[in-house]
Structure formats: C-alpha cells, structure tokens
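Below are some notes on the secondary structure and packing of this entry. Please read them with the structure open.

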Number of protein chains: 2
Amino acid sequence: MLLRNCRLVVTWSEDGSPRILENVDIRIRDNKIEEIGRDLNKETGEEEIDCSRRIVLPGIVNAHTHSPMVMLRGYCDDLELHEWLSRVWEVERHLDERLIELGSELAIIEMLSTGTTAFIDMYFYPHITAQVAKKYGIRAFLSPPFIEVLISSDKCLKELEDFIRTYSGDRLVKPIVNVHSIYTCSIECVKRAHEIAIENRLIMHIHVSETRKEVYECKKKYGKFPVELLYDIGVLSENTHLVHLGWVTSREIELIRETGASVTHCPVSNMKLATAGFFPFYEMMMQGIRVTIGTDGAASNNCLDMFREMKTAVLLQRNNYWDTRIKASHVLKAATLNGYRVLRIDGGDIGPGKIADLVMLDLDSIYLQPIREDNLISNIVYSATGRDVSMVIIDGRVVYDRERDLERWRERAREIREELNRFIEKFVQAHR
Amino acid sequence: MLLRNCRLVVTWSEDGSPRILENVDIRIRDNKIEEIGRDLNKETGEEEIDCSRRIVLPGIVNAHTHSPMVMLRGYCDDLELHEWLSRVWEVERHLDERLIELGSELAIIEMLSTGTTAFIDMYFYPHITAQVAKKYGIRAFLSPPFIEVLISSDKCLKELEDFIRTYSGDRLVKPIVNVHSIYTCSIECVKRAHEIAIENRLIMHIHVSETRKEVYECKKKYGKFPVELLYDIGVLSENTHLVHLGWVTSREIELIRETGASVTHCPVSNMKLATAGFFPFYEMMMQGIRVTIGTDGAASNNCLDMFREMKTAVLLQRNNYWDTRIKASHVLKAATLNGYRVLRIDGGDIGPGKIADLVMLDLDSIYLQPIREDNLISNIVYSATGRDVSMVIIDGRVVYDRERDLERWRERAREIREELNRFIEKFVQAHR
C-alpha cells in the first residue's frame, strides 16, 4: 500500500521531540512501514491512497478503559467514585453476553472512528470484546479481571488460563492480566496474578491510588501506601501497568522508576469523579517512566476520544503545576510512542520497520485552521477531536475510512441504542 | 416555521432544573417561539422541519471570546499568560482589516457549526467582525476596546461612539463597552467607560483577576483587590460583566452579588495559560450571581466549541472542590439561560414567547449513544461536542444546516487558511 503525498507527518526524534515531515510518500508492506520518501515508484498491484489532504499520525493507544461500559454512558452520573461504583455494580450483576457484545461494538466504533488503534481493557466477558475487536480490526489487550469481591479468584484463574491459551499468537488480541485493585483483591490474589504475568510475559494492569479513601484504607490495613505495598509484595516490575496514581508519594514514584513499571493518566475520569489528587506527570516523565494516557470507561468520562483526553491531560497538569511545563508534544508522545512501548510493539512512531498503525486527520477540517508545520502539534492536541480523523490503518489494513464507514456505523450505533435502552429501562423500572 | 416531532427538547423549570419534553412540535413565528405542543396543525405556507432525529436545545452564548484571534490558533503556544500576551501583541500591531475579516469569518464558521448562537467579543476592528456576523446571521455583542497601553482612550471613545450610533437598533449586532483590564487602562478610563455603558444601557465587559500577577500589582498600586477596586470607583453594576475571576476573595464575591454584576468562567483558557486559581462557581451560583461560560480566544484555548468548554468547566470545578457539587445541568444553564440573561434577551430557554434561538443535536450521533431522557443532560455536556450539531436557528432563521452548509464552509475555511498563513509566514520570517 502506498500513502501518496502525505501533507504533514508526525514522527519522533531520537531525543523524544516531534519531527514533522512534509509531502512524503509512505510505503506499507504487510503490516509494517517499509519506506518513507519523495516520489516513490508505485509497484505493480500496489494500492495507492491520496494523502495530500491528510495529516498522518502514529497509532494512538487508549491505555486504560472498560470498553463495554459505554452501555452505561450517563447512567447515574454526577456521583462521587465509591457511590457511583456501587450503583454501577448493581447493574453489572445483570449483564449478559449479548449486552457485552453491544457495548463492545459501540465502544469499538467510537474508538476506531476517533483514532484509537489499540486499547487496554478491563471488563467482564473479555472473549466477547475480543471477538468484536477482531471483527473490526482494532488491537485489544484484555483478560477476565481478578476482582475477588465479585468473583472467586479460582474461577477467574481458570478463565484467564483459557483466555491466554485461546489468544496466544493472535495478531490483534493479546491477553494481559487484569487485577481490579488492592481494595477488591487479597494480597495472595495480586501475587498470583503477577506470577502469571511474569510466566507468560504479559502486562499486569491494575487500578492504584485513585482515591484518598483507597490510600487511607491501605495505609490503615497494611501500614503502607499502595505502590509501596505492591513493591513490598514483589508485584512491581516491568510487567506492571499502574493506572490513576492520583495520590502517590515521591518515594512511590522512585519505586516505579526503579522497577520499570509503566503508568497511565486518566485526567477526565479523575476530574469527573472528583477524586482530585495530582498525577505527577512531569516528575514521572523526567525520571524516564513510561507515562501513557487513558480515557477510563465511558461511564465515568463519558467519551472515548483520545484527542479530547490528551487536551485535558495538558490542562489538568498546568492547573496543578501553575505553569506550562507540560507541553502538547509530551501528551502526544504519551498517547503514541509510550503507549506502544507498554504494549511491546515497535509502533507509535512512523519510520521504516515500524508497525503500520496510523491515524490520519483531515487537513481541511474547519477546526484545525490555519494549520501549518509550526502549529501542527498544538492544533492536534488542543483543537482537534477524534471527529477530525479521516482514516485509520491498523496492522497494515485500512480499518476505518470515514467516507466508507461513518454513515454505516452511525446506523449501527442507532440499532445498538434501541437494544441497550430496552435493557436499561427494564432494569431501572425493576429496581425503582 | 414548524419544527415537527422534536424527539427530545431541553427547557428550564421555574426552579432552574432542566425539564425534558419528548416528541413535541415547536412553532416559530417571526423571531419567536409561538407555541409548543403535540400534533400542531400546519398552517398554509409554513415551512416544516422534521426533528424526529434531533435533540433541541436553547441557544448557547459564548460569553467571552476574541473571535478574530482564531487566526493565531497555535501561534506561540505553550507559554504562560504574560509572556504569551507580549508575543501576541507583537503580531497584533501588524493586523489589518482584511486579516480581521478572515479571522472573524473562520471564527464565526466554527462557532455557528458547533452550536453557538451569540457571542460577547473583544477585539480590534469590531465593525469588520460585525459585518461578518450579520452576513452569517449570528448574534454579536462587541465594540472597540479600551486598552490604553496600545490605543489612546480618546481615539477609542470616538470609535465607540460611532459604533454605538451605527448599531443601535440592529437585530443581531449589539454594541457593548469593552475595557481590556485595570492593568492596561487607567481608573479614569474605566470610569468613563462605565458611564457610557450606563448612559446607553450597555454591558461593560472587562477581564478581572485572571492572574496572580494582576491581583498582586493591583493590591500594590491601589491597596485593593481588583473587584474591590472596581466597586470603590463605582463601576460595578448590573451592567458590568466580569471575566475570569480566578483569584477573588469572598468579600469580592459579596460585592458582585450586591451590585448585580455578571461573571464568565473560561476554564480551558485559564488552565492552558496556567493561571491556576479557582473560579468560585458554586459560591457565585448559590448567591444568585449570573454565572456564564466563555471559550476566550482560540489563540489561548485553542477552540471555540462551547460543548467542550461546558465539560471542562465541570471537570475543573470538581477538581477544585474535591466533590461533585457542580452538575452537568449547572453548566448547561450557565451557557444557555444565564447567557441570554446577561444579553438581556428573553432566550436561552424554550417556551412560548421566547426568542427563537435554537441548537439541534443529531440524536443518532455515535458518540451520544445510548441516549435516553434520563441521561440526556449528561450526554450533552460530557459526551457531545459541537460536531454533533445538525442545525442552528437564530432569530427565527435557519443559519446553519449541516447537510446544506458544512461542506461549503469547510472549503471556505481552506481558502482562509491559505491567505492567513501567507501573512503569518511572512511575519515570522521578518521577525526571526
């Protein structure tokens, strides 16, 4: 496949700063970028895509979400975290595979059409989400979650082993090890989960230090801060992926750096659920920790658009630091290059040999003008939304083309609405 | 005009809470809503618009912007306020009427197509912006600004008098009195400006307490906090419209309440410029002060989408208060009903006799699903963006119809880009 005459292309320099290419061709062979240059010769049988009115970005990773929860968008909104969570758990007891399928499909339609190429997911019935992801061609990193307050860890363990067997070797769907949190799982469970992650070389994905309540109760129960606890029980490693970290100490940041764990910032969800705190983006970035960005579930965000998330990340960080030390390029790098590093895929950047996961923005969008090379990164982060995405390529395949797919997906979303709302309205009536 | 079978309609109850109507017809005669009901009879010659796949909202007021600054979107980004301002002023000395026309047009295209029905503007050459506003049919509240560090107040005064004469009685363009700030104007100038506002029954629109620097210098120079100073020199009244207020004391909130002045919150711009502080939304709302929302200019935001602004307002406030006391409905009311109250137009609500300024959202947008009556307000504020707007009616006229206008406006935005970038690139080269 030949992406002809790409108007503006965002790549990353060795030193981590953005490097913009103008008017280049990009050749994709199989699932990789083969070469980049001016006026490449078209090879026989090669498909050519005109990119003269497109901006080409590396793939974008939503590093923390609960995709099927899009079905609960706007449900019981405007509550604080722990109250909201108990209301949500009430509904979740009634979910079935069909509802998960609908939620997953709606979420994947939203993510793909707003430029997400891969997502790290934590939810029930992950085999259903995995099937939908394969159908649409998006990269999904997921597994049945350990959440002992709801499901016995033996049951989860069995399901996880099945899941790992089923998806080992899949191109798009990759197993991880999901652990809800230290307040819903025992130490033994977390340790067992981390062992499985190490044995199978998988990511262990866990919520940590999201609320003051969590930190307070951890300190009371274990005499330690949450990240300290994870370190002391031996589950902090290069395989560990920590989400939220709104209430961490400098000592805990040091432990993350020391062990090579990675982290995800979910600014919108944290703000919306009023968890307050301060994700120490700058300190972590300066220590070389892989900082990534996630939307969290649509039930607490309430959208899955990574462009909106990137902007809010900068805004929140500047509000916290009282200065502009966090720049647009930092969050764009977190969402692309760092995301792919966490996934252990050589992507999130554009260059020969990189995986062919690309997001294209419409150069002529009203909302990006007047766009130029010198304001490109700013306008991507502060002005664009996912609605400016005109095409998404994953693993060398065009999985979203706005002209081809948007109207059809819109119609599909309408059908999904009808079915989901029948369930939710019935549930609400029964539980009044 | 008959809006037939509006699927969901947002109106405001007497007590200020939202009241949702389902499947109603709305009749518009001239520039007002005449009646709302089920199965209204179509009158001879009446135009009918099918609204069965639309959500109808009251008009939305962008209560503080500098619309032509969209031309500087992404220019010198990532600086803090006072440094950024000096770089921007450097370019602004070279602006001419043509550039203002292009900037105004790009801004108005963006605002209308994202659901803004009226805006309060502060910038140079307002007669140009006014002409573009009339051409597109959007309500504009503007005037030449008093900014003594750049323009003598005599010159501004003359221009203001001309402007008031020209636009008194205009249906869409209304003069206001723009005063940049107490750090760019003398006390005498601010007092004179307020007198003109009172004499002509106009809004006096002024930036106040945006940064710590401003507050510190005001306290040093005058021995008073900025709002206190305005009160003591007699310019705080029902006509006064105060913007930003990131650093105000309880005493100042009390003075605003006492005098009936109105206020605007610009969360994105404040966060992006790292002015920090805390706009006391809840305290002001509880005291009955008219709180409104504004995007500020696109050079500091960098977008003019009021839906994105509403969401960020909730997020920032929750991050400040560490709880969820600010709800989606509060900011929606601030952007609609309160906005129109500040403009002294009986709108921002939907009911017989109200002005016919309406914003319609696409009910079938992927990003709002699964939408229902009970999650409508949440999904409007947290999930929608201006891109979900499918139609805008102002003063009883359809001024934006996505199917009719979007593609054409996109083409126009592209042309504007070419011309603006020629100027900016030349400027940057000359000032390297």
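1. Two strands are taken to pair if DSSP finds at least two bridges between them. Helices (H or I, at least four residues) and strands (E, at least two) are DSSP runs, numbered from the N terminus. The model is a predicted one, in which local features need pLDDT of at least 70, side-chain atom pairs count only at pLDDT 80 or more, and totals for chains, interfaces and linings use all residues. Residue numbers start from 1 along each chain as its sequence is written, while chains are lettered from A and ligands numbered from 1 in the order in which they are written.

2. In chain A, strand S17 (residues 389-394) pairs with strand S18 (residues 397-401) in the antiparallel sense, over four bridges. A:Ile394 has A:Arg397 of S18(A) as its bridge partner. Two residues lie between the strands of this hairpin, and A:Asp395 there takes a positive phi near 55°.

3. Chain B has an open sheet of six strands with parallel pairing, in the order S9-S11-S12-S13-S14-S15. Strand S9 (145-146) and strand S15 (291-293) of chain B are at the edges with a single partner strand each, so one side of each has no neighbour in the sheet. S15(B) runs parallel to strand S14 (residues 262-265) of chain B, and three bridges join them. B:Thr264 stands opposite B:Thr292 in S15(B).

4. Helix H5 (residues 187-199) of chain B packs on that sheet, touching S9, strand S11 (177-179) and strand S12 (204-208) of chain B. Contact here requires C-beta atoms, placed from the backbone, within 7 Å. The direction of H5(B) makes about 165° with that of S11(B). Axes are lines fitted to C-alpha atoms, for helices over the stretch in contact, and angles run from 0 to 180 degrees between N-to-C directions.

5. How do the helices H2 and H3 of chain B pack? Helix H2 (residues 97-113) and helix H3 (residues 126-136) of chain B make an angle of about 40°, with axes 9 Å apart. H2(B) and H3(B) are therefore oblique to each other; angles under 35 degrees count as roughly parallel, over 145 as roughly antiparallel, 65 to 115 as roughly perpendicular and the rest as oblique. Residues in the contact include B:Ile100, B:Ile108 and B:Leu112 of H2(B) and B:Val132 and B:Tyr136 of H3(B).

6. The contact between the chains takes 51 residues from chain A and 52 residues from chain B. On the side of chain A that touches chain B, the largest share, eight residues, comes from H14(A).

Technical notes. Contact = placed C-beta atoms within 7 Å.
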